[in-house]
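Morning, everyone. Please look at the screen, and we'll walk through one chain together.

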Amino acid sequence: AAFAQPELLTDFYSSAIDAKTTATKTTRFATFPDYLMIQMKKFSLGDDWVPKKIDVSIRVPDEIDISDLQAGTGLQPGERELPEAKPEATPKVCIDESLVEQLAEMGFALEGCRKAVYHTKNAGSEAAMAWILEHMEDADFDAPMTSESGGSAVKFDDESISMLMAMGFSRNQAELGLKNTNGNLERAADWLFSHADELDTLMESASQETSAAGGQPPPPP
């Protein structure tokens, strides 16, 4: 069947080499249906794009063996499971302190100003002010922002989190996916979908690790 033919992927991310490479994708049946409908196309298109009927007879056997189209269980001979992508350390926060002071002079909380400058990548007072107005009602707006070594994880880009939430994941799940892929949105989405059945367990483990490190565990998803 044409759908079962191998498909070449030229932009596949491999956790084995931590880079994009080429890979082969194949499609198989996990289970077979009770009834299998097969359409016989007894026509072809001519050079003038006019369909022409093919006058041939087709012998249909009483039994059809399609076992080669069924997916195997677990790893197959010659296959190796890709390693889990290792989370990398959160990059050091680089903040323009002069811009922070400029915003703080307007009457906003100092830590909230630092977060605004960080999340807008030092893009200027206008972008930072827009971020403040959008997040100033957040419960942790004026909470200290430090690196993970200081006991409190730096938040990921809000746009990336929003895009993952639009795919059906909770905010905590989106942050977990970004954490495990060094903030890479494309890899985070792939990681979340591939771990969809075990996200609750992974969230609980991450919460326990955070508590053991002295931080505050995330709220339930």
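A85 sits in the loop between β4 (51-53) and α1 (97-104). Keep in mind that this is a predicted model. Is A85 buried or exposed? A85 has a relative accessible area of 16%. The cut-off for buried is under 20%, so A85 counts as buried.

What does A85 touch, beyond its neighbours within four places in sequence? The contacts are Y13, S15, N180 and R187. Now find D18. Along the sequence, A85 and D18 are 67 residues apart. In space, their C-alpha atoms are 7.7 Å apart.

Next stop, S14. This residue belongs to strand β1, which covers residues 7-14. S14 has a relative accessible area of 7%. That is under the 20% cut-off, so S14 is buried. Set aside residues up to four places away in sequence, and S14 touches A19, T21 and L82.

Now a pair of helices. Helix α2 covers residues 110-119, and helix α3 covers residues 125-135. Their axes come within 8 Å. At what angle do they cross? Roughly 120 degrees. The crossing of α2 past α3 is right-handed.

Which residues make that contact? On the α2 side, look for G112, C113, K115, A116, V117 and H119. On the α3 side, look for A128, W131 and I132. Sort them by class and you get six nonpolar residues, two polar and one charged.

Let's zoom out to the whole chain. How many helices and strands are there? Seven helices and four strands. Read from the N terminus, the order is β-β-β-β-α-α-α-α-α-α-α.

The chain has 221 residues, and 25% of them are buried. A85 and S14 are both buried residues.

Now contacts across the chain.

Last, the surface. The chain exposes about 16100 Å². Carbon and sulfur atoms supply 52% of that area.

Methods
Residues numbered from 1 in each chain as written. Predicted model: local features only at pLDDT ≥ 70, side-chain atom pairs only at ≥ 80, totals over all residues. Heavy atoms only, no water. Axes fitted to C-alpha atoms, helices over the stretch in contact; angles between N-to-C directions. Helix = DSSP H or I, 4+ residues; strand = E, 2+ residues; numbered from the N terminus. Left-handed = near helix turned anticlockwise from the far one by under 90°. Contact = heavy atoms within 4.5 Å. Nonpolar A, V, L, I, M, F, W, Y, C, P; charged D, E, K, R; others polar. Buried < 20%, exposed > 50% of the residue type's maximum accessible area, 1.4 Å probe, protein only. Areas by Shrake-Rupley, 256 points an atom, 1.4 Å probe, with all protein chains shown as cover.
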